[in-house]
Amino acid sequence: MRDSAQTINTTFKPIANLLAQSGPQLIQNKPLRKMIVKRLKKQMFEDLKTKRQEGNTVPGVDDDKTAFGLAIVNTLDRAIENRYFSDKVMRTLFDIVAKDLFLKQGENRNIAEQFRIETGSNAPTFMVISPGKACNLQCTGCYANAGIMTNEKLSWEIFDRIITEAKILWGVRFFVISGGEPMAYRSEGKDLFDMAEKHNDCFFMMYTNGTLINEKATERLAKIGNLSPAFSLEGWRERTDARRGKGVFDKVIAGMERLRKAGVPYGMSLTATCENAEEILSDEFMDYFYKEQGVIYSWIFHYMPIGRSVSLNLMPTPQQRLWMWHKSWELIREKSYFLADFWNHGTVCDGCLSAGSDTGGGYFYIDWNGTVSPCVFMPYSPVNINEAYQRGQTLNDVWKEPFFASLRDWQKTYKDGNGNWLMPCPIRDHHADLRKMIAVHQPEPSDESAREALLDLDYAAGMDHYDREYQSLSSVIWQEHYLREVGPADHSIGDLPDISRLIEKQEAI
Ligand code: SF4
């Protein structure tokens with residue numbers, strides 16, 4: 001298989017070139033934009049053709065990467081057509097997202113290269129940071145158990161140092177901010193917007209409940225131009241308000257309208273459970289948010305049970321998960337919606353990204369206490385950043401931690417063995433493997449639920465059972481669709497397989 005750097009170069013480079021070379025002309029000159037978009041799509045199919053001729057890649061993975069790239073191009077085209085980006089945001093997209101993140105023309109390319117020379121591994125490409133646990137809402141079942149009363153947070157100095165070091169040591173230019181509610185973060189009288197403004201050579205995305213995006217916040221976001229909010233929703237009004245509080249859905253819609261008018265791009269963050277999976281992936285829901293509300297992107301997460309076995313009941317069932325895989329690719333292919341399903345789209349990013357993955361564009365997660373975990377959904381930590389800094393260490397020492405290294409080895413072995421990327425996740429899909437790594441390296445659970453999960457044998461048995469069930473469903477798709485034989489003359493994206501009989505058969509068992 002190709003490595004992630006090649007993937008970025010082949011699949012996303014044309015998109016980045018479009019942005020970097022054409023600049024604001026795209027907005028002003030529709031025929032030129034249409035011509036470039038057409039050329040860009042042609043280039044993507046040329047690339048698919050080359051991969052087929054080389055014959056050493058996985059056909060279904062190439063399909064997915066091409067379809068995903070096409071959806072991004074069409075999304076950008078639609079957004080520019082509808083004037084969803086202000087001039088300031090367009091400039092940021094050219095200077096940071098296109099040149100630094102995709103083309104790697106900036107200084108960050110040399111830094112990442114230096115890391116590779118020194119370690120033999122690819123540097124992490126982004127970070128997820130939850131600087132504060134405080135939140136203005138109290139949602140039922142909040143994974144962070146956040147609330148108004150808590151004051152747990154990273155100091156401004158540490159938060160700033162993490163970002164600065166990630167830039168200097170790894171060449172990172174993309175930071176995802178979570179929480180708590182990121183807009184509730186305050187330290188030394190400063191907030192997240194101040195941090196984004198200070199690091200104006202980086203692009204930030206924050207997961208937000210959306211209720212604090214008022215006129216003043218919108219003005220600041222428009223002025224900064226390098227911070228995009230992703231609004232968290234559970235589904236339509238009834239479901240969102242039931243979990244998040246009365247009136248929250250309408251506040252999100254009002255926030256979207258403000259941002260749209262100000263030219264600030266935004267997305268959605270959707271957590272799928274067995275109760276809402278069909279709702280959030282329905283055509284009606286997606287059409288409403290992409291077409292009427294101007295959403296640019298969506299991240300779909302599956303409810304991740306951590307704790308006692310009873311928490312497994314909310315997960316989308318294995319059959320629902322396969323349906324979600326199919327439906328999400330239908331939406332990407334047929335409607336060109338830029339959406340990513342964290343557990344179902346491992347094919348796009350070369351598998352699991354946790355622990356600063358060497359195989360894909362890896363990352364680390366740092367929470368309000370300074371706990372460094374492989375991933376937001378894997379609450380086991382061998383190191384605390386506050387303590388590491390007190391010992392005179394840096395993020396490079398964090399990267400070297402044996403628990404993280406063992407995960408990177410696992411990812412590499414999985415990739416080299418053509419492992420099924422429909423189930424790429426060590427904690428969700430290969431829980432027994434993760435338990436072995438935890439037993440060897442003894443990382444600290446980040447909270448009580450994570451500790452309980454290690455002690456509850458029924459929880460472990462439930463996760464293993466889920467893994468086996470999904471393995472039996474998804475391996476058929478992996479073998480027959482992804483690893484299918486294609487001839488060098490086959491230059492098209494393969495049709496999605498019909499999964500209805502597979503699901504019926506599994507349900508009968
Ligand atoms: S551990 Fe799972 S959720 Fe986290 S990055 Fe890897 S695949 Fe995704």
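Predicted model: local features only at pLDDT ≥ 70, side-chain atom pairs only at ≥ 80, totals over all residues.
Let me begin with two helix pairs. Helix α3, residues 30-54, and helix α4, residues 59-81, pack at an angle of about 175°, and their axes are 10 Å apart. Angles over 145 degrees count as roughly antiparallel, and α3 and α4 are therefore roughly antiparallel to each other. On the α3 side the contact is made by R33, V37, L40, K41, M44, L48 and K51, while α4 brings D62, T66, G69, L70, V73, D77 and I80. Sorted by class, this contact of α3 with α4 has 7 nonpolar, 2 polar and 5 charged residues.

The second pair is helix α18, residues 431-441, with helix α20, residues 457-482, and here the angle is about 135°, with the axes 9 Å apart. The helices α18 and α20 are therefore oblique to each other. The residues that make this contact are H431, A432 and R435 from α18, together with A460, M463, D464 and D467 from α20, and by class they come to 3 nonpolar, 1 polar and 3 charged.

Now I turn to helix α13. As a general point, an α-helix has 3.6 residues a turn, so residues three or four places apart point the same way. Just after the helix, G294 takes a positive phi of about 70°.

Next, a residue in a loop. I306 lies between β6, residues 297-302, and α14, and it counts as buried because 21 other C-beta atoms lie within 10 Å, the cut-off for that label being 20 or more. Setting aside residues up to four places away in sequence, I306 touches S311, P379, S449, A450 and A453. The C-alpha atoms of I306 and L454 are separated by 9.3 Å, although these residues are 148 apart along the chain. L454 itself sits in helix α19, residues 448-455, and is partly exposed, with 14 other C-beta atoms within 10 Å. Beyond its neighbours within four places in sequence, L454 is in contact with I438 and P445.

Some backbone details also deserve a look. The peptide bond from G179 to G180 is cis, with omega near 15°, and G180 is placed in the loop between β2, residues 174-177, and α8, residues 192-198. In the loop between β7, residues 339-341, and β8, residues 363-366, we find D350, which has a positive phi of about 60° although it is not a glycine. A355 is found in the loop between β7 and β8 as well, and its phi, near 60°, is again positive in a residue other than glycine. D350 is buried, with 24 other C-beta atoms within 10 Å, and A355 counts as buried with 29 C-beta neighbours inside 10 Å.

Finally, what surrounds the ligand? The residues are F342, C352, L353, S354, C375, F377, M378, P424, C425, P426, I427 and R428, and by class this shell has 10 nonpolar, 1 polar and 1 charged residues.

Note on methods
Residues numbered from 1 in each chain as written. Helix = DSSP H or I, 4+ residues; strand = E, 2+ residues; numbered from the N terminus. Near = placed C-beta within 6 Å. Nonpolar A, V, L, I, M, F, W, Y, C, P; charged D, E, K, R; others polar. Buried ≥ 20, exposed ≤ 12 C-beta atoms within 10 Å, placed from the backbone. Contact = placed C-beta atoms within 7 Å. Axes fitted to C-alpha atoms, helices over the stretch in contact; angles between N-to-C directions. Parallel < 35°, antiparallel > 145°, perpendicular 65-115°, else oblique.
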